Amino acid sequence: CIMASQWFVKVSGAFKEVNEAFVKVSGNWKEIQEGYIKVSGAWKKFYQAFVATAFTTQTSSTTVTVPSGANAIHVRAAVGGGAGGVMGAQYDKAGGESGGTGGGSGGYVSDQVYTVSEGETLTLTVGSAGSKGTGDGYNTTAGNGGTTALSGSSTGTIFSLTGGVGGSGTGGGVQGPLRSNNPSSGGTATITATVLTSGTFKEANGASVTFGTAVTLDDGPVGSYNNAGNGVAGVTGSNCSGDNCHVNGGTGATSYNGNIAGGTPGSPDSTNGGDGTRGSGGGGGGAENVTQGGDGGAGEIEYRFLRIT
């Protein structure tokens with residue numbers, strides 16, 4: 001990606017890097033997109049206006065430095081980890097079987113832009129996927145998704161998106177009674193920074209756009225600018241009546257306001273609950289015979305840097 005220029009001017013005895021430059025043409029000031037100087041008979045570029053960087057998708061925690069010339073970060077997608085699905089349970093003499101609860105999804109952000117400071121260190125924390133429930137199906141709890149968060153060394157906390165919470169199955173046993181299937185729940189989105197809603201910036205191709213005309217601000221999972229919200233619960237598992245009856249598990253919760261599907265429900269005998277993706281919940285397992293739940297979908301942060309004027 002093209003970063004800011006390396007053009008400096010001396011101001012009050014100190015060199016300052018130029019991030020915007022203008023020239024008067026026919027009485028009107030026009031911003032310079034590129035600057036050239038002739039060196040040994042050949043033209044050499046010495047200045048490039050800051051353009052939007054390429055998107056980066058981060059699936060593990062890291063730190064990044066805001067590039068020179070940038071003053072904003074566009075988060076196209078971010079989500080906490082999804083919770084795992086609960087396994088099914090079966091009974092020899094209880095007169096019924098039990099399907100597992102689907103995992104909850106994480107809180108999310110879709111297409112928001114926040115102010116940052118060039119040169120500061122950003123900490124990107126990406127929430128892990130919640131694990132599927134394990135054991136014999138009695139008194140089992142699926143794992144919770146981890147928190148996804150963004151903060152800056154000078155900007156402070158920008159957002160925190162907690163992961164989905166796993167459901168559980170409590171009670172039951174080979175001799176019965178039937179297991180109680182307990183719900184999962186969605187994670188919470190807390191947006192601390194102010195979301196920018198106006199200004200002009202340059203796309204990667206050099207085109208100057210506004211918040212109202214930039215189609216790249218509508219490319220996130222929700223499909224429109226400035227969206228954030230909590231995750232939701234997966235489908236709670238249910239019991240069927242009669243020994244050796246068949247019951248599916250619950251579907252995992254969708255993420256990004258219903259735009260990313262949760263894990264598919266497990267069916268009896270052979271099909272485990274499906275894994276979640278992009279912060280959605282894992283599907284619950286079925287019975288009888290018992291099938292396992294799926295893992296939740298891991299969190300993510302997809303971002304790029306801009307210069308807003």
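## A polar contact at Gln58

A polar contact is a pair of N or O atoms within 3.5 Å. In this predicted model, a polar atom of the Gln58 side chain lies 2.9 Å from the backbone oxygen of Ser60.

Gln58 belongs to strand S7, which covers residues 56-58. Its relative accessible area is 14%, so Gln58 is buried. Beyond its neighbours within four places in sequence, Gln58 is in contact with Leu124, Val126, Glu300, Ile301 and Tyr303.

## Nonpolar cores

The largest nonpolar core has 33 residues, and those that touch the most other members are Ile73, Val75, Leu122, Phe159 and Phe305. Two or more residues of this core come from each of strands S9 (72-79), S11 (108-115), S12 (121-125), S15 (156-161) and S23 (300-306).

A second, separate core has six residues, among them Ala77, Val79, Tyr108 and Ile260.

## Aromatic pairs

The model has six aromatic pairs. In one of them, the ring centres of Tyr91 and Tyr138 are 5.8 Å apart and the planes stand at 40 degrees, so the pair is tilted. Tyr91 is in the loop between S9 and strand S10, and Tyr138 is in the loop between S12 and strand S13, so the pair ties together parts 47 residues apart in sequence. Both Tyr91 and Tyr138 are buried.

Tyr114 and Phe159 also form a tilted pair, because their ring centres are 6.0 Å apart and their planes are at 50 degrees. Tyr114 lies in strand S11 and Phe159 in strand S15, so this pair ties together parts 45 residues apart in sequence. Tyr114 is buried, with a relative accessible area of 0%, and Phe159 is buried, also with 0%.

Methods: Residues numbered from 1 in each chain as written. Predicted model: local features only at pLDDT ≥ 70, side-chain atom pairs only at ≥ 80, totals over all residues. Heavy atoms only, no water. Helix = DSSP H or I, 4+ residues; strand = E, 2+ residues; numbered from the N terminus. Buried < 20%, exposed > 50% of the residue type's maximum accessible area, 1.4 Å probe, protein only. Polar contact = N/O pair within 3.5 Å; in protein donor to acceptor, adjacent residues only side chain to side chain. Contact = heavy atoms within 4.5 Å. Core = buried A, V, L, I, M, F, W, Y, C linked by side-chain atoms within 4.5 Å. Phe/Tyr/Trp six-rings, centres within 6.5 Å; stacked < 30°, edge-to-face > 60°.
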